[in-house]
Amino acid sequence: MKRNFYIYLAIFFTVFFFAGRADAIQNEPEGYTKIYSPGSDKEASFGNAIDSFNLLKTPKIIAIASLAKNYRVKNPKNTEERYTNGLYSLKAIVFYARENLNPKVKLEADLLQSIESVWCQLLGSQPIDDLSRNTNWKIEDTDFTVKLIPDKLILDFKTTYLESNNKDAFKNAIDTLGILQLMFETLNYFHRKSAFEKIETIVKERKAQWQVYFDKSVPQWPWEYALNGLIYKHSIKKQKALGKVPEWQLIFVHPEAAMEYIDIAADGNQFKPALMIEIIGADFWRWEKRGKQKGPWKIPCPIGAGFVATISDRAGMDDLGLGGIIRFNHVYSIGATFRDGDIGIFVNVNFGKPLVNNYKKVDKYLDMVGLSPF
Amino acid sequence: MSKKLLLLVHGMGKPTHEIFNQWKETLKKVYEQYSKGESFEDRFDCINIEYDSIFEKLRNNWNNQIDSILNSGVTGVKLPDRDDLSVITEDNLLTTHIQDVLLYRFVPQVAEHVRVHVIDQFINAIKAADSSAEISIIAHSLGTSVIHDAVNAMYNIQFDNGKTLSPGNFRFHTIAMIGNVSRTLETRWTAYKSLVRQGHDNSDNYVTDYFLSTSHKLDPLVAFRKFSPDKNWPESETIAEGRLAVIEPKIIAHYNVHDLPHYLNNPKVNVPLFRMLRHKLFISEQEQKDAEKAYENANPVEVFKEHGRKLESILSGETEFSWKNMVIVFKGFYKLVKDFIK
């Protein structure tokens, strides 16, 4: 009777324990148990190992594994296919390393050797399936630092903790994974650094060009930005990345102040500030290195031309003159307008603040050489 | 252990050091609420990413052009007074906020310059970071659209006869879009189809491991063409793995519902954010419930009930997407915030 009582008690506690475990597993966040819980059979166990492989350092391991995409089973449906993908991913690492590493660099050559030795280990004396199928994996998501190998190789798995029933297999597996992770990180670092250096060169060049476009080209008014934007939008339609910086600029109803000289105007009224409106025009250039500009057709500087109207109050003459302008290097302009049968000449130097704002200084210099119109 | 790097990208308007510091303080306060003694600074480094200098330069150029004409002494034409032009020359809602958005959306040269400027800062940050550092982006408002485009552009830049940066070589850890307008302002890249998405497998078709997007239910600035992808976007596996969070908080705890700290203070946002930035079990279910309860208690509905009603009324009239409606809602919201401050 007493014996039966102990048996019932043992059954009760066993059931209670497993019920508790089941409840604990059910309480884990959605998506968590699905991936990381121990497999129910050997294949599932290996599937979990592959998952853990990914989890160890998700971005980087997957990054390298992605190189194998041409060999991979697309949309793997079961653990066997994922297993195949895992192997191909490793194989791809070796191909990738052979193709991309420079054997003259010692560090990289060592890396290649290490990768190959791990590859041999995985497929040679210790096939990966033996290594993993005998291992029952369990992963918990928490901070953990794993000291993998005594010779100073300490890996911070950050959010991953692995444990196994089979201590030796686990140690072998984790050593292998750890070495691989370190190699992946180092290998990836080289390629990432190299890729970013190349991108950086392009970005810096593009940045320098945009700075010149916005700072040194003929300053655009909002409506000119809008019009040039429409043209530019069309021109970059087929460009997938950063759009090329324009090599010309439309100028449209562009008001600016200029100095205008009209010979037939009354004395003292010949050289005067005028409002110049470039009705329509364009500036052209081509890009050289480091954001430098040259003109089209072998002209040494950007060049532009347009139709203009000038307005200034002059006694006994029309206020409005119509004519043309040519412009060098975005800032030096010279033009001519027709007004009452005579030609007016105007000039401007626009370094952000046009010449006309400093006309008193200009007058001083002109006066020095006996040309002051004021 | 290398620190995690957070790239903070501002929204429309002038980003000052005070604003960025306020963001960091908010992140720190929220993180340390869950971190069990670990300080924010021990785990994260922050880098400010700015692009407003480009808009500022344009405004300065226009002001200089206007000044040059007004001060030229031109005769024969009646020029406006400087004071009459203050609406377009001085700091106000139009010049410091709406103008930024309009320039970015409608002037592709400006948008390209902004992207290049931001990518340059990304590259500097990535190159300076430790090789194994996890790098994440937290972007706000207009910044969400800017980084969406900049990241897409960065991964499409071609070098060495057609090679591009592979997500395999570098991938962001988390991209958090706060007050997400990447869909509202989309131009060259479509928000639901672009590379800016979370991934789970070996594919090269995604550039971040985790993706968070949040748009407050009553935030008028994110109401049009809201980022609200299909429930399985881009595929169900990433959802199951907890790699995507699309959050629409409801509680109002600040008169400026669009403000970044207003989003970050809400546990509906900060819990998934820090679970992504750290790990899934960093904040337990119970801690999450407690934090949400505490936040609800600290922000009773009554306090902003009237404000919420006004926000609803701003949004209720203009449900169809158009730029005109956008501007109407924008102005309505701005007026509401201004009235509230008064």
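Two residues are in contact if their C-beta atoms, placed from the backbone, lie within 7 Å. Keep that in mind for the exercises below, which use a predicted model.

**Exercise 1.** Find what share of the contacts in chain A between residues at least 6 apart in sequence join residues at least 24 apart.

*Solution.* Start with the make-up of the chain: chain A has ten helices and eleven strands. Next, look at burial: 32% of the 374 residues of chain A count as buried. Now take the contacts in chain A between residues at least 6 apart in sequence; 57% of them join residues at least 24 apart.

**Exercise 2.** Work out how helix 10 of chain B is oriented relative to helix 11 of chain B.

*Solution.* Two packed helices are described by the angle between their axes and the distance between the axes. Helix 10 of chain B covers residues 267-277 and helix 11 of chain B residues 285-298; they pack at about 150°, with axes 9 Å apart. Angles over 145 degrees count as roughly antiparallel, so helix 10 of chain B is roughly antiparallel to helix 11 of chain B. The crossing of these two helices is right-handed.

Then list the residues that meet. Helix 10 of chain B brings Pro267(B), Lys268(B) and Val271(B), while helix 11 of chain B brings Gln288(B), Ala291(B), Glu292(B) and Tyr295(B). Sorted by class, this contact has four nonpolar, one polar and two charged residues.

**Exercise 3.** Decide which elements of chain B have the lowest and the highest mean pLDDT.

*Solution.* Where pLDDT is low, the predicted coordinates should not be read in detail.

Note on methods:
Residues numbered from 1 in each chain as written. Chains lettered and ligands numbered in written order. Predicted model: local features only at pLDDT ≥ 70, side-chain atom pairs only at ≥ 80, totals over all residues. Axes fitted to C-alpha atoms, helices over the stretch in contact; angles between N-to-C directions. Helix = DSSP H or I, 4+ residues; strand = E, 2+ residues; numbered from the N terminus. Parallel < 35°, antiparallel > 145°, perpendicular 65-115°, else oblique. Left-handed = near helix turned anticlockwise from the far one by under 90°. Nonpolar A, V, L, I, M, F, W, Y, C, P; charged D, E, K, R; others polar. pLDDT = per-residue confidence, 0-100. Buried ≥ 20, exposed ≤ 12 C-beta atoms within 10 Å, placed from the backbone.
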